[in-house]
Amino acid sequence: MPSPTTATIDPAAPPTTEPPTASRLQAAVLMAGSCLPILGAVLIAPLLPKMQDHFASTAGAKALVPVALTIPALALGLLAPFAGLLVDRLGRKRLLIGASLLYAPIGTAPLWLDSLGAIVASRALLGVVEAAIMTCCTTLIGDYWSGKQRERYLALQTICSALSATAFFAVGGAIGEAGWRAPFWAYAASLLLAPLMATVLTAPQRTGRPTAGPPAPQDAPRPFPWRRMAGPCALTFFGAVVFYTVPVMTSNLLDDLGITESSTIGLATATASVATVIGAFTFTRLADHAERLLPAVLALCAAGFGVMWLAGSMPVLVAGAVLNCLGGGMLLPTLLTRATALLDFADRGRGTGLWNAAFFLGEFVCPLVLLGLAPAVGSLAAAVGLLGALTVLVAAALRLRRRPTAALPAA
């Protein structure tokens with residue numbers, strides 16, 4: 001696997017084989033940048049009832065208000081591959097700073113917009129900007145670190161995303177007491193982050209080589225490895241559906257059990273979210289065995305779905321959600337490290353964009369799939385159980401696929 005580099009290389013220097021270690025401050029800035037798309041996804045979730053009341057007289061409000069929450073994920077998923085292309089063409093740092101500067105005015109636009117349609121449109125534009133931010137941050141993590149360090153920082157990205165989702169949900173609910181528009185001020189935080197990105201981050205380059213003489217054969221243009229990325233992206237799409245089932249559907253499952261108090265539902269969701277963080281921390285300890293453990297991680301997620309399907313009370317349902325999220329916390333960084341390990345420097349932006357597209361499209365379709373299955377199988381819990389059975393089949397297929405490879409003698 002080629003090794004990326006983090007700093008400008010002296011053209012006269014001989015080629016290097018290992019990248020210099022990026023600083024913790026660079027890591028912190030990238031983790032903060034990775035939280036911006038999470039901010040866009042969850043901040044207004046607690047505001048939906050108030051928005052629904054405000055636009056009650058608007059035609060189609062019952063459909064458009066929830067779309068205002070989910071459309072950034074759809075836009076992000078559809079446009080992430082194009083963002084990846086721009087990353088490789090324009091450069092990671094330049095695009096990240098520009099997108100972060102645009103994030104503030106687009107994110108805060110609902111403060112001044114009176115039309116629900118215009119608000120939905122602004123949220124779609126926010127998803128476009130988020131596609132660039134998430135793709136750039138993940139690509140830079142792949143550039144700055146390699147091997148075990150890369151795996152740890154990708155796991156840390158998952159941890160930060162899970163923690164920020166829980167925090168932003170609480171912040172949005174608290175600030176929302178002042179009115180449904182008030183939380184949109186939080187999107188201006190990117191204006192504080194953009195200058196840090198400009199001063200702290202360095203523009204990564206390929207492994208250095210002398211500029212004199214013809215370019216090396218490995219620098220010649222070559223097609224993007226679409227076939228190599230097809231399997232990881234398909235698995236990531238499915239993994240995203242598995243990953244988002246608990247945070248998206250827990251409130252509905254609890255409602256089916258007769259539990260409607262928002263504080264109780266919030267506590268249950270937060271408990272499961274903590275399990276996601278624990279799972280991501282666990283991945284940092286097991287990263288060396290990530291490929292081998294992927295079937296077991298999916299099986300753990302499936303076991304959680306099974307418990308949730310059979311649950312007849314809130315404690316049992318939450319226990320199943322915790323079990324599932326423990327596996328989910330390991331699943332996400334495992335899928336991401338598997339994908340980035342397949343990418344050369346020149347392809348990393350496009351490859352990361354494709355991975356993000358698969359993941360966020362999976363997030364978007366997750367509730368649609370489960371709610372669509374529920375009438376056919378009898379209940380939402382049964383739909384979750386069916387997803388668990390499918391997850392077991394995917395885990396078994398991955399396990400069987402590894403056996404011939406594992407049986408080969410070491411070279």
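Tutor: This is a predicted model, in which local features need pLDDT of at least 70, side-chain atom pairs count only at pLDDT 80 or more, and totals for chains, interfaces and linings use all residues. Residues are numbered from 1 along each chain as its sequence is written, and side-chain values use heavy atoms, leaving out hydrogens and water.

Student: Which residues touch the most other members of the largest nonpolar core?

Tutor: A nonpolar core is a set of buried Ala, Val, Leu, Ile, Met, Phe, Trp, Tyr and Cys residues joined through side-chain atoms within 4.5 Å; buried means under 20% relative accessible area, exposed over 50%, and partly exposed in between (1.4 Å probe, protein chains only). Among the 108 residues of the largest such core, the most other members are touched by Leu30 and Leu96.

Student: Which residue forms a salt bridge with aspartate 143?

Tutor: A salt bridge places a side-chain nitrogen of Lys or Arg within 4 Å of a carboxyl oxygen of Asp or Glu. Aspartate 143 is buried at a relative accessible area of 0%, and arginine 92 is buried at 6%. With the closest N and O atoms 2.5 Å apart, the partner of aspartate 143 is arginine 92.

Student: Is aspartate 114 buried or exposed?

Tutor: The side chain of aspartate 114 meets that of arginine 181 in a salt bridge, at 3.3 Å from N to O. The relative accessibility of aspartate 114 is 62%, so this residue counts as exposed.
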